[in-house]
Amino acid sequence: MSIWSLAWAWIRFRPLGASLNVALLALGTATIALLMMASQQFEQRLSADADAVDMVVGAKGSPMQLVLSTVFHVDAPVGNVSAEEARFLEQHAMIEEVIPMALGDGFRGYRIVGTDTSYLDLYGAEVAEGRLWDEPLEAVFGAVAAAQTGLGLGDRFVGEHGLGGVGGPTHDEFPYDVVGLLAPTGSVVDRLVFTSVATVQLVHGMDPDHDHDHADDENHADHAADEDHADHADDEDHADLRPPEVTAFLVDFSTPMAAVALPREINQSTVMQAARPAYEIRRLFRLVGYGADVVRAFAVILVIGAVLGLFTALFQALEERRADLAVMRVLGATQLRLFWQIVAESLILTVAGTVLGLVLAHGVAWGASLWLWEHNQILVSFAWADGEVVLVLAVLALGILAALPSAVRAARIDIPRVLSGG
Amino acid sequence: MTDDFQASRRLETAPLPGEVPAIELVATTVGYGGPPVLEALDWRVERGEHWLVIGPSGSGKSTLLHLLAGFLTPAKGTAKVLGTELATLAPPARDRFRGGNMAIVFQRQHLVQALNVTQNLSLARRLAGLDPSPEVIQATLGRLGVDAFARTRPAALSVGEAQRVALARALVVEPKILLADEPTASLDDRNADTVAELLTQEAERLGSTLVMTTHDARVRERFARRLALGDLGGP
């Protein structure tokens, strides 16, 4: 009859109370663990998307809105800037690469992004079926967008103003052809529909070739010869088209110095604004973090409540077992043995509560990840969050702390008084 | 032969040459912080002897057992058990000495309610530093006629059965000294007789020194040696 087996026997002797202690600890632990996993997932996903882009340049306005709309695609665009501005950026010594982005439309809630194919390289996206867009009005779907809309290669669709999906105005005269499907990346790419910048400009009444010699433009020549767009080519009066605009430019620095100098230069000397996704996302975490902190505080209160419950249960059980403990001393148990006996009981309950809490948290996360994948094709990991080891150690420490008053009391038990019935 | 002694009187028992007595009290005064309960008590018990400690309530019978078990230390004088002065031992060493050499049976059985009968005996052997041998436990339960209750929880036992299990728990550690504090007080005549008989028989078998306190007249005749404490108020 070791310390552990006696502690286990005592726990089994009061199954209801012990189960309640374990359940309360499990609930608190699970809540905190779930919050940790969710926070980590949220931050990792946003950081991964943000880290792919050094800087975003777009119309003046809110820098966070600029980043949210062009990097994460969760907000309305700030506005457009002249496509001419690309020249300033392309010729800048501190800039390695400029990727234009033209936004404005969507399809069934998935944003249509006019951009270069080099955008896909930022996120390591690869074609799963078909090919990348080449001609005007060719579209390539991200994995989630394809799965959710049900479109496949060869299908045709029309874009809608805004994100679409709410029955708004559509561009019926500009049907897109699906020419490619991307493999899942776990990034924002999965939820986008890609086409060329020129297509978005064309759909929105701009002249993509405003500054170019039409005769020299091979792509445009192909486009004009395209049977599907013959009407468009014939009907459009290019004289009525506006000069081309884009929503933003994604910029890749050629030197780390650019991170400091370039945003200031752009903000002060151009009609555009520069925003750094990494900085804006940290700002967003700080804002969102307050809400998470409040929920976390409630979870901590839940754990503390559970530990107080454990303390009360152990203390009450001690009163009921004073004779048992006194007899153990009579049989030769030292004061230290009785001390550890109480701590061992608390540890068993705490470990059980913690393990159950973690199983519960990861089970819920696993279920949520299956649901999210099945319904939204969102990849969510239910792997361990970084802080869970600390959480386990903290709960175990609290469990030991809860046992200390009872353990000390057990060690100091007055044997003659207890055994004589006092 | 029956020897009645009043407290504070030295017992004239002839020890074997060179043998350390089981119990040796010299001018021992002990109490609970207030007036002494036992004062200047001299008492010598040789190994293997069976003693009955008698006296009215409050005469110090239980206090004497608490002293011998090391729960109390003498305010004056010395108290040696198996040649060891318990008061000189550090508390953990005193606990280990008690576990390794003594066993106590109480008026109330004080069995651990969360454990079954076998587990109660196993716990006793473990705390005494012995291997919790199932064979020894089963044999002990068999000798006391409670082997049928090996897997039974104490709450399901009658008072008489529980007292025999408590006795088994004391005997399973094969103690050199067996202390019994009013073990028959709450039992009916038949159970009191059975427990007293088992107690003396098993102590005899193990060669244990037995000290039993009682004011139960039913068991007096079983003991040849008696230590009377306090004023007995009679002839």
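**Chains A and B in questions**

Student: In which strand of chain B does Ala27(B) lie?
Tutor: Strands (E, at least two residues) and helices (H or I, at least four residues) are DSSP runs, numbered from the N terminus. Ala27(B) lies in the run of residues 23–30 of chain B, which is strand 2.

Student: What kind of model is this?
Tutor: Residues are numbered from 1 along each chain as its sequence is written, and chains are lettered from A and ligands numbered from 1 in the order in which they are written. Local features need pLDDT of at least 70, side-chain atom pairs count only at pLDDT 80 or more, and totals for chains, interfaces and linings use all residues, since the model is predicted.

Student: Is Ala27(B) buried or exposed, or in between?
Tutor: A residue is buried if 20 or more other C-beta atoms (placed from the backbone) lie within 10 Å of its own, exposed if 12 or fewer do, and partly exposed in between. Ala27(B) is not a glycine, yet has a positive phi of about 50°. With 14 other C-beta atoms within 10 Å, Ala27(B) is therefore partly exposed.

Student: What is the phi of Glu174(B), about?
Tutor: Glu174(B) sits in the loop between helix 5 (159–171) and strand 8 (177–181) of chain B. Glu174(B) has 18 other C-beta atoms within 10 Å and is partly exposed. Although Glu174(B) is not a glycine, its phi is positive, at about 45°.

Student: What word describes the orientation of helix 3 and helix 4 of chain B to each other?
Tutor: Helix 3 (residues 117–127) and helix 4 (residues 134–143) of chain B pack at about 120°, with their axes 10 Å apart. Axes are lines fitted to C-alpha atoms, for helices over the stretch in contact, and angles run from 0 to 180 degrees between N-to-C directions. Angles under 35 degrees count as roughly parallel, over 145 as roughly antiparallel, 65 to 115 as roughly perpendicular and the rest as oblique. Helix 3 and helix 4 of chain B are therefore oblique.

Student: Which residues of helix 4 of chain B meet helix 3 of chain B?
Tutor: Two residues are in contact if their C-beta atoms, placed from the backbone, lie within 7 Å. Helix 3 of chain B brings Val117(B), Thr118(B), Leu121(B) and Ser122(B), and these meet Ile137(B), Thr140(B) and Leu141(B).

Student: Which helix of chain B supplies the largest share of the side that touches chain A?
Tutor: In this interface, 27 residues of chain B contact 21 residues of chain A. Helix 1 (61–69), helix 2 (91–101) and helix 3 of chain B each supply at least two residues of that side of chain B. The largest share, seven residues, comes from helix 2.

Student: Which residues touch the most other members of the largest nonpolar core?
Tutor: A nonpolar core is a set of buried Ala, Val, Leu, Ile, Met, Phe, Trp, Tyr and Cys residues joined through C-beta atoms within 7 Å. In the largest one, of 121 residues, the most other members are touched by Ala33(A), Ile104(B) and Leu179(B).

Student: How far apart in space are Gln148(A) and Ala402(A)?
Tutor: Gln148(A) belongs to helix 6 (residues 143–149) of chain A and is partly exposed, with 18 other C-beta atoms within 10 Å. In sequence, Gln148(A) and Ala402(A) are 254 residues apart, and from C-alpha to C-alpha the distance is 51 Å.
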